[in-house]
Amino acid sequence: MNQTIDAGSAPDYPQLLGHPRPLWMLFMTEFWERFAYYSVSWALVLYIVAQFFHGDPAGQGWAAGIYGAYTALIYAASIFGGWVADRVIGYQRSILLGAAVMAAGLFTLLAPSKPLMMLGLALVIAGDGLFKPNISTMVGQLYGRDDPRRDRGFTLFYMGINAGAFVAPLLTGWMAAAFSDTPMQQNYRVVFAAAGVGMLLSLLWFWFGRRSLKGVGRPLPGMENRARVLWVLLGAALAVPLIYALLAWVGADGLQWLLGVLFVGVAAVLIREALRHDRVQLHRVIAMLIVFGFSVLFWTFYFQFGTSLNFLAENWVDRRMFGGWIFPVGWFQSVTPLAILVFAPLLTLVWGALARRDAEPSIPRKFGFGLIFNGLGFVVLVYALKELLGPAGLIPFWPLVLCYVMQTLGELCLSPIGLSMVTKLAPPRFVGLAMGGWFLSLAVGGDFSGLVARSISGAHGMTVASALSGFGFCFSVLLGSGVLLLLLAPLINRLMHGVR
C-alpha cells in the first residue's frame, strides 16, 4: 500500500483517545527530535560566547547572527526535504535518513572547535530538512481532508513537540551544571551529547513504529528503488559544504536574498500547480501565501527566545531563589513548552466548543490573535525594564516568565493552525512542498530574528537601553501586523472557499 498524498481519504486506523493510533507514534518520534533541537537551542549562543569569546559580551552579536542563520537554514532546508519526500523517496525514508544525519551532526558539536561546530550545525540543518516537514505532513495524512478532528489532531501533535521541548532544557540544563568543572561555568558539550542520544531515540522509535502507518508515507510507484536513498544521501553530503559556507561566510546578513528567491520559487510552483486545477485551488494557494507573509513577522520576534531573551535572562534578570540557589538560564526555555502543555488542551476544548456553535475563529483570525499575544509578551518586558529595575540593575524573575507565557498563547493560536492549514489549502500533489513553504516562512523569520537580536546587543553586548528600544520595536510591529490581519480576515476567508 502506497502513501496517500491526497488527504481526501485516509486508512481505517484503530482509534486511541478519539484519534488515529499512529498519531501517538508520530507524537513520540517528534518528541525526541524536539528534545534534541531544543537542547541545542538554549545552549548554542551561550556556548559560543563562553567558548570562543571567553564570556565577553561583545561576542553576543556574532553569536546572534550565527543563531539566526542556523535557524533560518534549518527551516529553509525543509523546502528541499519536502520535495525529496514528494518526488524521490517518500516520507518514511526521508524521516529515517534525516534522523541519522542529524544525529551525526549533534555528536560532531562535541568537538570544541569553531570549524567543527559549523560542520555539526550544517549536518543538523541538512538532516532536519529531511525530517521536519515530512513528519508534519504525515500527521495530516492520518485524517481525511474534511475530518473535523484534523486541527485538534495537530494541536495534540504539537503537544508532543513541546513535551520534548519542555524536558530538554530541564534535563540538559541540569547536566550542564552537574558535569561542569567549576560552579561558574557550564559544560555545554554534555548538552550536545544528550541531544545526539535523543535523536537516536527518535530514529529508533520511528523505525519500529512505522508499520502502524498502514503504508502512509511509503514511496509512490516508481520510487521504490533503494538506490534512490543513496542518491539522496549523496545529495545531502554535497549540500553540507554549501550550508557550512552560508553559516561561516554569509551569515544572517546575506541570507535575505537567498531566502527571498526560494520563497518566490516555492510560490511560483504552488501557483502553477493550482492553475492545473481550478479557480478555487488558486484562491486557496493565494490565501495560504498571504498568511505565510504574516507568519514571517510572528517568527522574527518569537525566535528572540534563543538570542536576546537568553542574554536578558543571563545578565539582566535576578535569578536568585530561596537559599541562594540560582535558577539556570536554560530553564527559562522550559516555560514555553510547559505553558503549551497546560494551555493546548484547554484551547483545543475552546476551539471544539466554538466549532459546535459554528463560531470557531477562521485561520487568519487565529493568526491575528497570535501576533497580538506575541506582542503583549514584549510589553511586559518593556514595563519591567522601565519600572522594576532593582538596586543591582536586575529585573525580577516573573516578567520574563510572563513574557514566555504570553508568547505561548500566541504560538498556540498560530503554529499548529499553520501546519493544519497547509494540509487543507495546498494542492494535493504538493503538500510536502507546501509544508516546506510553511517552514520557509519560519526560516525568513529566523534570519530576521538574528538581525534584530544583533541590533539589540550592539557592538558591546545588551544594555538596558538597547533592550528597551528593541523590545518596544518588537511590540509595535507585532501589534500593528496583528490588527492588520484581523482587518484582512474577511477577504482571506473568501479566498479559502469554505476551508476553516
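## Helix packing and loop residues in a predicted model

The crossing of H10 and H12 is right-handed. In a right-handed crossing the near helix is turned clockwise from the far one by less than a right angle, and in a left-handed one anticlockwise. Helices here are DSSP runs (H or I, at least four residues), strands are E runs of at least two, and both are numbered from the N terminus.

This is a predicted model, in which local features need pLDDT of at least 70, side-chain atom pairs count only at pLDDT 80 or more, and totals for chains, interfaces and linings use all residues. Residues are numbered from 1 along each chain as its sequence is written, and side-chain values use heavy atoms, with hydrogens and water left out.

**Confidence**

The pLDDT is the predictor's confidence in each residue, from 0 to 100. The protein averages 87, and 94% of the residues score at least 70. Among its elements, helix H11 (residues 363-387) has the highest mean pLDDT, 95. Strand S1 (residues 15-16) has the lowest, 68. Over residues 1-7 the pLDDT is below 50. That stretch still has 34 contacts in the model beyond near neighbours in sequence. Contact means heavy atoms within 4.5 Å.

**Two helix pairs**

Two packed helices are described by the angle between their axes and the distance between the axes. Axes are lines fitted to C-alpha atoms, for helices over the stretch in contact, and angles run from 0 to 180 degrees between N-to-C directions.

How do H10 (residues 335-356) and H12 (residues 398-425) cross, and at what angle? Their axes come within 9 Å and cross at roughly 50 degrees. That makes H10 oblique to H12. Angles under 35 degrees count as roughly parallel, over 145 as roughly antiparallel, 65 to 115 as roughly perpendicular and the rest as oblique. Residues of H10 in the contact include Phe343, Leu347 and Trp351. Those of H12 include Tyr404, Leu409 and Glu411. By class, this contact has 14 nonpolar, two polar and one charged residues. Here Ala, Val, Leu, Ile, Met, Phe, Trp, Tyr, Cys and Pro count as nonpolar, Asp, Glu, Lys and Arg as charged, and the others, Gly among them, as polar.

Helix H8 (residues 279-302) and helix H14 (residues 464-496) pack at an angle of about 170 degrees, and their axes are 10 Å apart. That makes H8 roughly antiparallel to H14. The contact includes His283, Phe294 and Phe301 of H8, and Phe473, Ser481 and Met496 of H14. Its residues divide into 19 nonpolar, two polar and one charged.

**Single residues**

Buried means under 20% relative accessible area, exposed over 50%, and partly exposed in between (1.4 Å probe, protein chains only).

| Residue | Relative accessible area | Class |
|---|---|---|
| His54 | 71% | exposed |
| Asp358 | 66% | exposed |
| Gly55 | 44% | partly exposed |
| Ser78 | 0% | buried |

Most residues other than glycine have a negative phi. His54 has a positive phi of about 55 degrees although it is not a glycine. His54 lies in the loop between H1 (22-52) and H2 (60-89). Asp358, not a glycine either, has a positive phi of about 55 degrees. Asp358 sits in the loop between H10 and H11.

Gly55 is in the loop between H1 and H2. Leaving aside neighbours within four places in sequence, Gly55 is in contact with Val49 and Ala50. The C-alpha atoms of Gly55 and His283 are separated by 52 Å, and these residues are 228 apart along the chain.

Ser78 belongs to helix H2. Not counting residues up to four places away in sequence, Ser78 touches Gly129, Lys132, Pro133, Gly436 and Phe439.
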